[in-house]
Amino acid sequence: MLNVYGFVEGKDDPVFYRHLIERLFPEGWSVKLIPTGNKQNVLRSFHNINWTNFSKERVCFFIDRDLQDFVTPPLQLENNIYVTDGYSIENSIFKTNYFMVCFLTCTKSHY
């Protein structure tokens, strides 16, 4: 099994990202999502990784487009750093049937 690693902001973010990411993978691949606490910690994790030991194609970073990004242009980021289209990943779940997938995943994990 091949693993791809993803760093996310909040402890609940893996619920939102897992479905979006895993449906893009070929069979036999999986994603390990690591909550870091906030946007700065995600970016700090990116800078702390020794990229001579890891492929940027197998380690990804997911951050929310904060309100500040709408006021001033966001920094130029690496290809393996994904920034949400809206203010946060939670805003995206209401655009498609993705809401139902997240809801079922959240309720299943609590029972």
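These legends go with close-up views of a predicted model.

View 1. Let's start with β1, which spans residues 2-8. Of its seven residues, five are buried, so the strand is largely enclosed by the rest of the structure. Here, buried means under 20% relative accessible area.

**View 2. β1 beside β2.** Strand β2 covers residues 29-35 and runs parallel to β1, with seven bridges joining the two. To find your way, look for valine 4, which faces valine 31 of β2.

**View 3. β3 and its two partners.** Strand β3, residues 59-63, pairs with β1 in the parallel sense over three bridges. Three bridges also join β3 to β4, and these strands run parallel too. A handy landmark is phenylalanine 61 of β3: it stands opposite phenylalanine 7, and its bridge partner in β4 is isoleucine 81.

**View 4. The whole sheet.** Now put the strands together: four of them form an open sheet with parallel pairing, in the order β2-β1-β3-β4. At the edges are β2 and β4 (81-83), each of which pairs on one side only. On average, neighbouring strands are turned by 25° against each other, direction ignored.

**View 5. Helices against the sheet.** Helix α1 packs on the sheet and touches β1, β2, β3 and β4. The direction of α1 makes about 155° with that of β2. Helix α2, residues 39-48, lies across β1, β3 and β4 and runs at about 160° to β3.

Note on methods
Residues numbered from 1 in each chain as written. Predicted model: local features only at pLDDT ≥ 70, side-chain atom pairs only at ≥ 80, totals over all residues. Heavy atoms only, no water. Buried < 20%, exposed > 50% of the residue type's maximum accessible area, 1.4 Å probe, protein only. Helix = DSSP H or I, 4+ residues; strand = E, 2+ residues; numbered from the N terminus. Pairing = 2+ DSSP bridges. Axes fitted to C-alpha atoms, helices over the stretch in contact; angles between N-to-C directions. Contact = heavy atoms within 4.5 Å.
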